[in-house]
Amino acid sequence: MSRRSVLVIAGEISGDMHAAQVVRALQARDAGLTFFGIGGDELRAAGVEILHDVREMAVMGLAEVLRRYGELAAARRPDAVLLVDYPGFNLRYAQELHRMGIKVIYYVCPQVWAWHRSRIKLMARIVDRLIVIFPFEVGVFAGTGLKVDFVGHPLVDVAERVRAEPPAALPWPGELPVAILPGSRAQEIQRILPPMLGAADLLAEKRPEAGFLVAAPSEAIADIVRTVMGSHGLKRARCEIVAGQTRHV
């Protein structure tokens, strides 16, 4: 009897973390499952065969990745595909998988209830099972025929663990600590960090005792933050960067 396989697509760092929890839970129920796909350190540690690292996704062309993974799914024919968040890629890929007759499981629902409500009918057509993290999201798909399960937000347990730990020694540069959280994607950091830094300068002008800490999920993202900060040129704000400690920040 051949082993069953699952293709996992987690195109960013947060998705990698959430997907790894799902993979470990599935492994505990069925040790015969094998996993492969796009992910990062967390999925790799969970035993997933990583074909492309999440760090590559920021520089790879979307059309190229879609073509490559369409061919991969056709060649390896996984028993199911687990898509985690990352809607810009995953919704388009789900359409391709649906055409190929491969079961699609989507974890962490795109925020179609906030914008793009037209995608609700599309998701109901191309997704076989939707796993959501907010309770109200179940009702969003009422009447569509899509099977939806609410499982709770994965960060609740993470936040509780961090809160139970002793406070981390973080390099706050001022007496009034202010966190700057620009996200985990290169493009969003390049877009929204400059106005955040501008706001930090304005705040520092009114509150000189303020000190700012930019939280980056990895050293690679911290390098992007440093580049943006170098080109922005802070005038007043004292600002440091810390990697891998976002929850503690």
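Colleague: How many salt bridges does the structure hold, and what counts as one?

Modeller: A salt bridge is a side-chain nitrogen of Lys or Arg within 4 Å of a carboxyl oxygen of Asp or Glu, and the structure holds 13 of them. This is a predicted model, in which local features need pLDDT of at least 70 and side-chain atom pairs count only at pLDDT 80 or more, while totals for chains, interfaces and linings use all residues. Residues are numbered from 1 along each chain as its sequence is written, and side-chain values use heavy atoms, with hydrogens and water left out.

Colleague: Which residues are linked in a network of salt bridges, and how are D41 and R44 placed in their helix?

Modeller: An α-helix has 3.6 residues a turn, so residues three or four places apart point the same way. Helices (H or I, at least four residues) and strands (E, at least two) are DSSP runs, numbered from the N terminus. D41 and R44 are 3 residues apart in helix α2 (residues 41–45), about one helical turn, and their side chains meet in a salt bridge at 3.1 Å, N to O. The network links D41, R44 and D53.

Colleague: Are the side chains of E96 and R99, which also form a salt bridge, on buried or exposed residues?

Modeller: Buried means under 20% relative accessible area, exposed over 50%, and partly exposed in between (1.4 Å probe, protein chains only). By that scale E96 is partly exposed at 29%, whereas R99, at 61%, is exposed. Their salt bridge has an N to O distance of 2.7 Å, and both residues lie in helix α5 (residues 87–100), 3 residues apart.

Colleague: Which residues of helix α8 are buried, and which are exposed?

Modeller: In α8 (residues 154–164), P154, V158 and V162 are buried. Seen down the axis of α8, its buried residues fall within an arc of 50 degrees (taken from the directions from the helix axis to the C-beta atoms), so they line one face of the helix. On the other side of α8, D157, R163 and A164 are exposed. The buried residues pack against α1 (13–29) and β5 (104–107), where contact means heavy atoms within 4.5 Å.

Colleague: Which residues have the most contacts inside the largest nonpolar core?

Modeller: In soluble globular proteins, nonpolar side chains tend to be buried together. A nonpolar core is a set of buried Ala, Val, Leu, Ile, Met, Phe, Trp, Tyr and Cys residues joined through side-chain atoms within 4.5 Å. The largest one has 35 residues, and those with the most contacts inside it are L7, I9, L83, Y93, L130 and F141. The largest share of this core, 6 residues, comes from α5. Leaving aside neighbours within four places in sequence, L83 is in contact with residues including I9, Y93, L97 and V104. Apart from this core lies another of 19 residues, among them V8, A20, V22 and V108.
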